[in-house]
Amino acid sequence: MHDGIESSTPLTPGHSHRACRLAGAGLAACLLLFSTTTAAWNGRAEKQVFEMEEYTTVGGETIAPVRIGWEAYGELNEAKDNAILITHFFSGTSHAAGRYAEDDAAPGYWDAIIGPGKPLDTDEYYVIASDTLVNLNAHDPNVTTTGPATTNPETEAPWGTAFPLVTIRDFVEVQKALLESQGIERLHAVMGASMGALQAYEWASAYPDQVERLIPVIGGGETDPWLLATLSAWAAPIRLDPNWN
């Protein structure tokens with residue numbers, strides 16, 4: 001037996017060139033695999049802010065300026081047609097997936113389904129979520145929202161009850177402006193839970209040609225008397241509080 005390993009076929013110059021080409025192809029494949037892996041979303045969330053100089057509500061009142069926070073997971077493709085908009089529930093925020101820091105107590109609320117290889121696959125889709133106007137979590141440092149707690153530039157005091165009445169349609173219009181600022185004119189899907197489902201329905205109703213798929217979760221297309229009564233019961237303690245203003 002030989003101490004070394006010898007080729008059973010002598011390497012000719014042609015073999016050498018072919019071997020080099022094969023080696024080059026293998027290296028290119030490895031580099032491609034590596035680049036694909038490093039481009040995958042790493043689970044780290046980053047809050048960004050979208051601003052409008054002013055916004056006119058469905059009711060015809062003007063809010064100026066308007067700021068909302070947003071997060072995105074995955075990459076927007078060149079055609080800008082792989083976007084999935086996440087619309088959050090009543091007490092939720094745009095923090096739909098990932099963590100801001102490794103020691104965060106919990107990830108975003110839909111982290112189980114948003115990410116590489118998950119149902120909302122960030123290797124394929126650009127998943128974007130925004131804080132709504134008048135978000136309940138106005139004092140959360142990770143939330144950006146314009147609402148009653150915001151300073152009214154005309155009075156230099158919080159808007160309070162002087163803040164214009166806004167609707168689900170207003171949430172949608174501000175989201176639409178956010179998407180247009182990124183060149184997104186068509187959504188692969190709109191998906192939301194509870195109040196987020198109402199926003200998804202509003203998107204499909206207002207802009208049917210721009211929404212390919214609708215994914216409402218635990219949300220109805222209309223409000224029944226039971227829901228109206230429940231919401232009224234929620235609001236009653238505030239309305240009846242003599243110290244509330």
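Mentor: Terms before anything else: helices (H or I, at least four residues) and strands (E, at least two) are DSSP runs, numbered from the N terminus. The expected span of a helix is 1.5 Å times one less than its number of residues. This is a predicted model, where local features need pLDDT of at least 70, side-chain atom pairs count only at pLDDT 80 or more, and totals for chains, interfaces and linings use all residues. Residues are numbered from 1 along each chain as its sequence is written, and side-chain values use heavy atoms, leaving out hydrogens and water.
Trainee: What should helix α3 span?
Mentor: Its 12 residues, 195-206, should span 16 Å at 1.5 Å a residue, and the end C-alpha atoms are 16 Å apart, which agrees.
Trainee: Which residues of α3 are buried?
Mentor: Met195, Gly196, Ala197, Gln199, Ala200 and Trp203. Buried means under 20% relative accessible area, exposed over 50%, partly exposed in between (1.4 Å probe, protein chains only).
Trainee: And what covers them?
Mentor: The cover includes β5 (83-87), α2 (168-181), β11 (189-193) and β12 (214-217). Contact means heavy atoms within 4.5 Å.
Trainee: Switching topic. Is Leu165 buried or exposed?
Mentor: Exposed, because its relative accessible area is 70%.
Trainee: Where is Leu165 found?
Mentor: In the loop between β10 (157-158) and α2. Leu165 touches Thr57, Glu61 and Asp170, not counting residues up to four places away in sequence.
Trainee: How far is Leu165 from Val58, in sequence and in space?
Mentor: They are 107 residues apart in sequence and 9.0 Å apart in space, C-alpha to C-alpha.
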